[in-house]
Amino acid sequence: MQTETLKVTGMTCDGCTSKVAHALNAITGVHEVVVSLSDGEAAVRYDEHQTAPEKLQSAVKDAGYGIDLGTEAVTKSPGKGGSCH
């Protein structure tokens, strides 16, 4: 088992955290997801033989949120989920 902590951008409410958690939990091999709105993070425990960090990041982006990779942030596409209003 591996644990990956993703810096998620664009989350503004509990509905956003639920969307991110749902997207990550839908990936084969993911065993536990804890999303923190206040920290802007998603901690994911997964089987490294069934999935990879890139798939986790892709699921978050597909849900309409961004991933902060440190110096380069991958932002959400306009018009895709991610907005609570």
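## Overall fold

The model described here is predicted.

Of the contacts between residues at least 6 apart in sequence, 53% join residues at least 24 apart.

## Confidence of the model

The average pLDDT of the chain is 87, and 82% of the residues score at least 70. Residues 71-82, by contrast, have a pLDDT below 50, although this stretch has 27 contacts in the model beyond near neighbours in sequence. Where pLDDT is low, the predicted coordinates should not be read in detail.

## Burial and surface

The chain has 85 residues, of which 36% count as buried. Its accessible surface comes to about 4900 Å², and carbon and sulfur atoms account for 47% of that area.

## Strands 2 and 3

Strand 2 covers residues 30-36 and strand 3 covers residues 41-46. The two run antiparallel and are joined by six bridges. Within this pairing, valine 34 stands opposite alanine 43 of strand 3.

Strand 2 and strand 3 form a hairpin with four residues between the strands. In this hairpin, glycine 40 takes a positive phi near 65 degrees.

Definitions and conventions
Residues are numbered from 1 along each chain as its sequence is written. This is a predicted model: local features need pLDDT of at least 70, side-chain atom pairs count only at pLDDT 80 or more; totals for chains, interfaces and linings use all residues. Side-chain values use heavy atoms; hydrogens and water are left out. Buried means under 20% relative accessible area, exposed over 50%, partly exposed in between (1.4 Å probe, protein chains only). Contact means heavy atoms within 4.5 Å. Accessible areas come from the Shrake-Rupley method with a 1.4 Å probe; for residues, only the protein chains shown count as cover. pLDDT is the predictor's confidence in each residue, from 0 to 100. Two strands pair if DSSP finds at least two bridges between them.
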